[in-house]
Amino acid sequence: MSDQSPGGADYPNSKRTPDGYPEAMAEEFGSDDPGRSRWPFMVALGFVVLLIAVIAGVALIDPPAERLSDSAQVQHTVNDAFTARNSLNYEQYRDAHCEADRQAADFPTDAEFADENRKARDEHGQIVIPDMAVEMQGDVAAVQVNWHREDTPDEKQTTDLTVIRQGDEWKVCNA
């Protein structure tokens, strides 16, 4: 067995640290004190936790959905009504319309809605909305929706809709 100390020939007759290592080696590789090396990690972890708490707090106090402008909320409502036609989702279609529309005699039933939209979708593809124009007037918006079917892009159509604020939500309401 060798009687060489840690560091071997590179650190002959050098002063030793309390851990028994040559001082030159301790300076080169750092201290073995586990408490000292833990602090930067703990500070960084505390900062990350604080940052996550701030982001979560902002999201709870002011949810992203409530930050949308009225015009953007109207566009989402119109998009929901047309998307429901593509996916044959009657509940989504009903939810996008105001109570007066839903109570109207000509509002489609679930079966009528599915039959009419399935046929059009299967023959000409899904509805594509390249753009819509929204004019806001208080709690009423006039929306001009420019749309076409996926398989017939040259057959552009325009639909004029009225969208009203009902409580905290916007609803398509042509009644």
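Trainee: Is Glu169 buried, partly exposed or exposed?

Mentor: Start with the cut-offs: buried means under 20% relative accessible area, exposed over 50%, partly exposed in between (1.4 Å probe, protein chains only). Glu169 has 46% relative accessibility, so it counts as partly exposed. Keep the source in mind: this is a predicted model, where local features need pLDDT of at least 70, side-chain atom pairs count only at pLDDT 80 or more, and totals for chains, interfaces and linings use all residues. Numbering runs from 1 along each chain as its sequence is written, and side-chain values use heavy atoms, with hydrogens and water left out.

Trainee: Which residue forms a salt bridge with Glu169?

Mentor: General idea first. Side chains of opposite charge can pair when their charged atoms come close. The criterion for a salt bridge is a side-chain nitrogen of Lys or Arg within 4 Å of a carboxyl oxygen of Asp or Glu. Here the partner is Lys171, with the closest N and O atoms 3.1 Å apart. Lys171 is buried, at 10% relative accessible area.

Trainee: How many salt bridges does the structure hold?

Mentor: Six. One of them joins Glu99 and Arg102, at 2.6 Å from N to O. Glu99 is partly exposed at 35% relative accessibility, whereas Arg102 is buried at 19%.

Trainee: Which residues are linked in a network of salt bridges?

Mentor: Asp70, Asp139 and Arg165.

Trainee: How many aromatic pairs are there?

Mentor: Rings of Phe, Tyr and Trp (its six-membered ring) pair if their centres lie within 6.5 Å; planes under 30 degrees apart count as stacked, over 60 as edge-to-face and the rest as tilted. This structure holds four. Among them is the tilted pair Phe82 and Trp147, 5.9 Å centre to centre with 55 degrees between the planes. Phe82 is in helix α3 (residues 70-87) and Trp147 in strand β2 (residues 140-149), 65 residues apart, so the pair links distant parts of the chain. Both Phe82 and Trp147 are buried.

Trainee: What sits over the ring of Trp147?

Mentor: The charged end of Arg85, 5.6 Å from the ring centre. The test is NZ of Lys or CZ of Arg within 6 Å of the ring centre and within 35 degrees of the ring normal.

Note on methods: Helix = DSSP H or I, 4+ residues; strand = E, 2+ residues; numbered from the N terminus.
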